[in-house]
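Subject: Structure handover

Hello,

The sequence and structure are below. My notes on them follow.

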Amino acid sequence: MTDAEGPALREMRWWDIPGVLALEKELFPQDAWSEATYWAELAQAGGPGRRRLYLVAESDGTLVGYAGLGVAGDTGEVMTIGVTAGRQGAGLGARLLGALLGAAAGPFACREVLLEVRVDNRPARRLYQRFGFTRVGVRRGYYQPGNHDALVMRRELPAGGALANEATEGEAGTHG
Ligand SMILES: CC(C)(COP(=O)(O)OP(=O)(O)OC[C@H]1O[C@@H](n2cnc3c(N)ncnc32)[C@H](O)[C@@H]1OP(=O)(O)O)[C@@H](O)C(=O)NCCC(=O)NCCS
């Protein structure tokens, strides 16, 4: 379904896995997650003790983006985020990230969210900086093959889930 605001966001379900894997191969050709990994992740995305939230963005029945949040205690982690190449630069990544942060601050009651990003991934770093993530460290050789370093970035969240509107809009931050 498509509307004036762009592709619809909804929770990822098991039947989305083939479409997500196709995007995964397009966007992360060197280190795409496997089908088994997605099954294991989605197994943690339901029930009272849920520790994952995976979203997909769908346009006319086609998956065009996805993102996932993992939660351990009061720390969230952006597990993955991707938008198909033909849709990049149109704000969909921001909508996906905003939705993850809204859930982290709200239902999951996280106090911080962490992520790793390849140092040479300019579009992703810009997106994270706009949402207030700041660099807290470097993981040397984190991405294999290729031996690329990862920046570890962190964003604090306010207590009480007060993020919803702010996350939808993103931020004009200069962090990082
Ligand atoms: C990172 C990613 C999810 C962003 O999604 P998106 O829908 O393009 O995001 P947005 O449209 O909200 O824009 C994000 C920023 O990147 C910029 N951008 C998007 N595509 C770009 C491109 N090809 N080259 C340069 N900048 C780009 C946008 O202008 C925007 O910058 P701004 O915040 O200064 O305005 C997307 O680029 C992607 O899927 N990349 C491949 C997978 C990946 O690297 N995921 C992140 C792993 S850590």
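A salt bridge is taken here as a side-chain nitrogen of Lys or Arg within 4 Å of a carboxyl oxygen of Asp or Glu. By that rule the count is nine salt bridges. This is a predicted model, in which local features need pLDDT of at least 70 and side-chain atom pairs count only at pLDDT 80 or more, while totals for chains, interfaces and linings use all residues. Residues are numbered from 1 along each chain as its sequence is written, and side-chain values use heavy atoms, with hydrogens and water left out.

One of the salt bridges joins R10 to E58, with the closest N and O atoms 3.2 Å apart. R10 is in strand β2 (residues 6–11) and E58 in strand β3 (residues 52–59), so the pair ties together parts that are 48 residues apart in sequence. Strands (E, at least two residues) and helices (H or I, at least four) are DSSP runs, numbered from the N terminus.

Next, the ligand. The space it takes is the largest pocket. A pocket, found on a 1 Å grid over the protein atoms alone, is an open set of points where a 1.4 Å probe fits, with protein on both sides within 12 Å along at least five of seven lines; a molecule sits in it if more than half of its atoms lie within 2 Å of its grid points.

The elements giving two or more residues to the shell around the ligand are β5 (75–83), α3 (92–105), β6 (112–118) and α4 (122–130). The largest share, six residues, comes from α4. In total 20 residues surround the ligand (a heavy atom within 4 Å of it), and the closest are G91, G93, N121, R126 and R130.

Polar contacts are pairs of N or O atoms within 3.5 Å. A polar side-chain atom of R130 lies 2.5 Å from a ligand oxygen, and one of N121 lies 2.7 Å from a ligand oxygen. For V83, a backbone N or O atom is 2.8 Å from an oxygen of the ligand. Taken alone, the ligand exposes 920 Å², of which the protein buries 73% (Shrake-Rupley method, 1.4 Å probe).

Two backbone points remain. The peptide bond from Q144 to P145 is cis, with omega near -5°; P145 is in the loop between β7 (134–143) and β8 (148–156).

A109, in the loop between α3 and β6, has a positive phi, near 50°.

Regards

Note on methods. A polar contact is a pair of N or O atoms within 3.5 Å; within protein, one must be able to donate a hydrogen and the other to accept it, and residues adjacent in sequence count only if both atoms are side-chain atoms. On a 1 Å grid over the protein atoms alone, a cavity is a set of points where a 1.4 Å probe fits but cannot get out, and a pocket is an open set with protein on both sides within 12 Å along at least five of seven lines; lining residues have an atom within 4 Å of a point.
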